[in-house]
Amino acid sequence: MAETVAAQAKKEPIISIKGLTKVFTLGKEKVYALNGIDLDVQENEIICLLGTSGSGKSTLLNMMAGLEKPTKGSITIFGERVDKMSERKLAIFRQKNMGFVFQAYNLLPNLNAIDNVSLPLAFAGVKKRIRVKKAKKMLKLCGLGKRMKHKPTQMSGGQQQRVGIARAFVATPKIVFADEPTGNLDTHTTIEIMEMMVRMSRENHQTLIIVTHDTEIAAYADTIYHIIDGRICSVEDNREHQALPPEGHIGDLAADEPEVGSEAGEPELEMPAAEAESSPQEEEIGRILQNSQIPNTLSTEE
Amino acid sequence: MKTIDIFSFALTNFLRRKARSALTVLGVIIGTAAVVIMLSIGIGMNKGFEDQVSSWGDLKTIRVYPYTGQFNEETGEYEMPDETEPLDDITVQRFRDELEHVKAVSPTDWGWSYMVKDNKERNDAGSISLLDASAMADMGYEAVYGRLLDERDVGTTNFVMAYNVPFNFYNVRTEDPKYGEYAKADEEFPFDPLSDKVKYAFTWYYGYLRQAVDTTKPRIVPEEAKCVGVLVQNETNIKNYGYDNDCDIYMDINGYYAMQERLQKNQNKYYGTENEVGISIGGSSYYVNGQQVNFADGRENKYNSVIVIVDDVDHVRDVSKTLIDMGFETSSAMDSLDRMQEQTKFLRSILGAIGAVAFFVAAISIANTMVMSIYERTREIGIMKVIGCKLKDIRGMFLVEAAIIGIVGGALGVAFSYGISALVNKLAAGGGMEAFGIYSSDSALSIIPPWLDIAALVLATAVGVISGLYPAIRATRLSALEAIKNE
């Protein structure tokens, strides 16, 4: 079943997972969190690990990020065995190659938006002047030009997650992991956030790995892996039905827009949805597509 | 991560929890102040002893005696060497040639005589301090009027007198002016002590000028002598007591010995041979426990003692040891000082221990604060690790934060110590020093030398870093996974 979509790929996969198994021992019982996962991810691919709570999707992501060690199997990223790396090497590896977007945003509460975003650059030893410049640019790109000096507690959930996205992308990592990135957000903001992540990763030719239980979110991916009880039970090639409109550049977002994503989101919802590219998919996806135009219309406003 | 960023992160975290940082710093302040104060009292006590002992005699001075044996503690018998080095001119010369770090060497002894002025007035207080005239300048004496004794005065009875001497002459008959009063600071002399018109003379005869001349006996002829200078007043004594009690006459030792012989002859003529005054000149014979000491090469022990003045206090023990190795006995104020300091060593180590305990408590408090801080920041640390913060940078941040607590606490602690020190000294001024057996009104109980400031600061920082070590390592071991777990 885990045949993967490798057939389509001509190039070497950047992430290659073979026979990944994780066993937890609960008393006398052995629980398989992951049970023989085989998975290849291509460069610039957006994949989604879709599954219910407890299916093992988060464990899989954690292992790819080197945060957990597998019981069996291997994870190779850029030719290096992540599962065999030391903590020290992992820190540097993550610093160079990985960005993270979390469900709970995980911003540092005492740092303002700029400092939070520039954190990965600071860890990489980038000079303050340069990293602040990059962070500001990134924040503007995410429509937070007016909130750069705000601390996480002074921002709404959507804004915080945008800071989180800015932080994940600021160092232009080759892989970005997003673990339930919209789990704490309302539908409207969810679409905004997903749009933004997908756009950014497309623009920079990054690989995006999304973990979710939400099929609407999964619709943004090129490939959807359905995970049930630690196994990949089906792989769905979603390229043709993708939820994201192809046109529109990240640069468009760079405009310093006022009050985006804040409570003032209501009027924008009335914006023409007709421009939305029609899709032959089910109603659900159609709705997402309509809503997905919002960031664009907002930015083109000025 | 750049070093400056690690510092700025640490500083931000330090300032973030103001109340807790302040309390921890307070702990370090108290710890540092405790150590500094306790040590400063130890230092002050040592300094007090030093002042006290140097008021008895210069710390740089070593007194040398011939070695005459010692009690064997096992047999309980006095063991005398077969031969011993005498104190004579050969020995003095040897000291001058062979000893290093020596400023002056002089034989020394005490002489005594009534002093007569203009054949009218007497000064009965004067003992005569004997020394080698040529070494007087090197011995640290200083003349306020006239000059010190020098090579020209070797073998003569020329003398120098203490500032008080001119004030102590009195008319025997009228008892006027009253004697026994010390000169005040820079008080004007009652007469010009160096004037050619003033005639000084020495006699051993108690009745001179006092009793009617017994014409049946040979005449008493006082020994005339010339004064060449007056010494400066002792400033410390003037400051402490308002006067300087030095009433001595200073004369060349050989000149005096010669005069002593003449005075003896003169005296004996008067008293007759049956009442001959027995005096010993120098140390011509030397008995210990009824046994005569044999001196090397049949030489004679000319001087009772020789003093050696060392160029620096730090060399006194070495020079002393060299002298003992050369076969002499020594005594110095340093010996007394060592004894006193030895006796209070226990007290001082207890003081030090109290300080150390306070410091240890401060160290625990730093460690505790840092551990608490890690518990609070578990999630943050996890996030930082996930985002790619190197382990050594995380460790660095915590170590620097702990060091900041140490430095800030240490600096404030040192500043605080100065206040406490001043307070202690103020309280001790009212008799507190005597409680520790220090009788030196001049010195302070608590003294903070500059090295102590620096040492305290370095120590506080080091303690900060050391107590931060465990929490910092702990921080690097936290699971990054905890941070990204959804809640």
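How many residue pairs are in polar contact between chain B and chain A? The count is eight residue pairs, both residues at pLDDT 80 or more; a polar contact is a pair of N or O atoms within 3.5 Å, where within protein one must be able to donate a hydrogen and the other to accept it, and residues adjacent in sequence count only if both atoms are side-chain atoms.

This is a predicted model, in which local features need pLDDT of at least 70 and side-chain atom pairs count only at pLDDT 80 or more, while totals for chains, interfaces and linings use all residues. Residues are numbered from 1 along each chain as its sequence is written, chains are lettered from A and ligands numbered from 1 in the order in which they are written, and side-chain values use heavy atoms, with hydrogens and water left out.

**Figure 1. The interface of chain B and chain A.** Chain B contributes 25 residues to the contact and chain A 30 residues, contact meaning heavy atoms within 4.5 Å. About 2,400 Å² is buried between the two chains, 64% of it from carbon and sulfur atoms; buried area is the accessible area (1.4 Å probe) that two parts lose on being put together, summed over both.

**Figure 2. Salt bridges and the chain B side of the interface.** Two salt bridges are found across the interface of chain B and chain A, a salt bridge being a side-chain nitrogen of Lys or Arg within 4 Å of a carboxyl oxygen of Asp or Glu. B:Lys385 forms a salt bridge with A:Glu87, with the closest N and O atoms 3.8 Å apart. On the side of chain B that touches chain A, two or more residues each come from α1 (3-16), α9 (378-387), α10 (391-428) and α13 (480-484) of chain B. The largest share, seven residues, is that of α9(B). Helices (H or I, at least four residues) and strands (E, at least two) are DSSP runs, numbered from the N terminus.

Figure 3. B:Thr330 lies in strand β18 (residues 328-332) of chain B. This residue counts as buried because its relative accessibility is 16%, buried meaning under 20% relative accessible area (1.4 Å probe, protein chains only). The side chains of B:Thr330 and B:Ser320 make a polar contact at 3.2 Å. Beyond its neighbours within four places in sequence, B:Thr330 is in contact with residues including B:Ile62, B:Arg63, B:Val64 and B:Asp335.

Technical notes:
Buried means under 20% relative accessible area, exposed over 50%, partly exposed in between (1.4 Å probe, protein chains only).
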